[in-house]
Amino acid sequence: MAKLKIVKVGDDTLRKVCRPVDTITPRILTLLDDMVQTMRAANGVGLAAPQVGVLRRIVVVEVEPGEVYELINPKIIAFSGEQEGAEGCLSVPGQWGLVKRPMHVTVRAMNRHGQIVDYTGSELLARCFCHEIDHLDGKLYIDRAERMLTEDEIEADD
Ligand code: ZN
């Protein structure tokens with residue numbers, strides 16, 4: 001496994017629409033492993049392939065330690081409710097913004113074995129699914145944030 005470099009806001013890579021994965025190759029499996037390692041090393045709860053410079057529709061999410069979601073070609077197939085909360089991004093270091101997201105989200109994706117699986121998440125997991133899938137279409141949370149948090153507000157959260 002290898003830790004990958006995380007692309008930061010301002011890089012065009014983050015604004016591109018990613019291509020779907022047709023076949024699970026050894027390269028894709030290595031990428032999934034490397035993305036999980038990179039996310040953990042950066043203390044993140046999610047990471048999308050464009051954030052490591054790969055324009056493919058792949059995300060990893062780990063909100064609860066040890067509960068890893070590896071989502072290939074993920075699509076949101078259902079959502080309900082609403083939540084508003086602070087959101088950050090490994091590609092936008094040191095900043096947080098207030099973002100509205102659905103409270104419950106169901107995602108359909110392919111797993112590393114090529115099976116199509118549905119996952120339903122609420123609260124932070126739902127927020128994370130939305131945030132990471134946005135990355136695959138070149139969208140960042142700073143585009144959706146109602147406002148960015150001030151340094152005082154960020155410190156109050158620590
Ligand atoms: Zn992000």
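View 1. At 1% relative accessibility, His135 counts as buried, and so does His131, at 6%. Here, buried means under 20% relative accessible area, exposed means over 50%, and partly exposed lies in between (1.4 Å probe, protein chains only). This is a predicted model, in which local features need pLDDT of at least 70 and side-chain atom pairs count only at pLDDT 80 or more, while totals for chains, interfaces and linings use all residues. Residues are numbered from 1 along each chain as its sequence is written, and side-chain values use heavy atoms, with hydrogens and water left out. The zinc ion has as its protein donors Cys89 (SG), His131 (NE2) and His135 (NE2), which lie 2.0 to 2.3 Å from it. Donors are N, O and S atoms within 2.8 Å of the metal (3.2 Å for Na, K and Ca); water is not among the atoms, so sites may look incomplete. Along the sequence, the spacing of these donor residues reads C-x41-H-x3-H. His131 and His135 are about one helical turn apart, because they are four residues apart in helix H2.

View 2. Helices (H or I, at least four residues) and strands (E, at least two) are DSSP runs, numbered from the N terminus. H2 covers residues 123-136, and its 14 residues reach 21 Å from the first C-alpha to the last, close to the 20 Å expected. That expected span is 1.5 Å times one less than the number of residues in the helix. How many of the 14 residues of H2 are buried? Twelve of them are, including Leu125, Phe129, Ile133 and Leu136. Just after H2, look for Gly138, which takes a positive phi of about 75°.

**View 3. Five strands make an open sheet.** Follow the strands in the order E1-E2-E3-E6-E7; their pairing is antiparallel. Strand E1 (46-48) and strand E7 (116-122) stand at the edges with a single partner strand each, so one side of each has no neighbour in the sheet. From one strand to the next, the twist averages 35°. Angles run from 0 to 180 degrees between N-to-C directions, and axes are lines fitted to C-alpha atoms, for helices over the stretch in contact. Two strands pair if DSSP finds at least two bridges between them. Strand E2 (residues 58-61) and strand E3 (residues 69-80) are joined by four bridges, and Val60 has Glu70 in E3 as its bridge partner.

**View 4. Strand E6 sits between E3 and E7.** Six bridges join E6 to E3, and seven join E6 to E7. Met110 is bridged to Ile116 in E7. In the hairpin of E6 and E7, five residues lie between the strands, and Gly114 takes a positive phi near 85°. E6 is largely enclosed by the rest of the structure, because five of its seven residues are buried.

View 5. Helix H1 (residues 26-41) touches E1, E2 and E3, and its direction makes about 40° with that of E2. Contact means heavy atoms within 4.5 Å. H2 lies across E1, E2, E3, strand E6 (104-110) and E7, and runs at about 125° to E7. H1 has 16 residues and reaches 23 Å from its first C-alpha to its last, close to the 22 Å expected. Among its buried residues are Ile28, Leu31, Met35 and Met39. Just after H1, Asn43 takes a positive phi of about 55°.

**View 6. Nonpolar residues gather in two cores.** A nonpolar core is a set of buried Ala, Val, Leu, Ile, Met, Phe, Trp, Tyr and Cys residues joined through side-chain atoms within 4.5 Å. In the largest one, with 16 residues, Val61, Tyr69, Leu71, Val105, Val107 and Phe129 touch the most other members. E2, E3, E6 and H2 each supply at least two residues of this core, and the largest share, seven residues, comes from H2. Apart from it lies another core of 15 residues, including Ile6, Leu31, Ile58 and Ile72. In soluble globular proteins, nonpolar side chains tend to be buried together.
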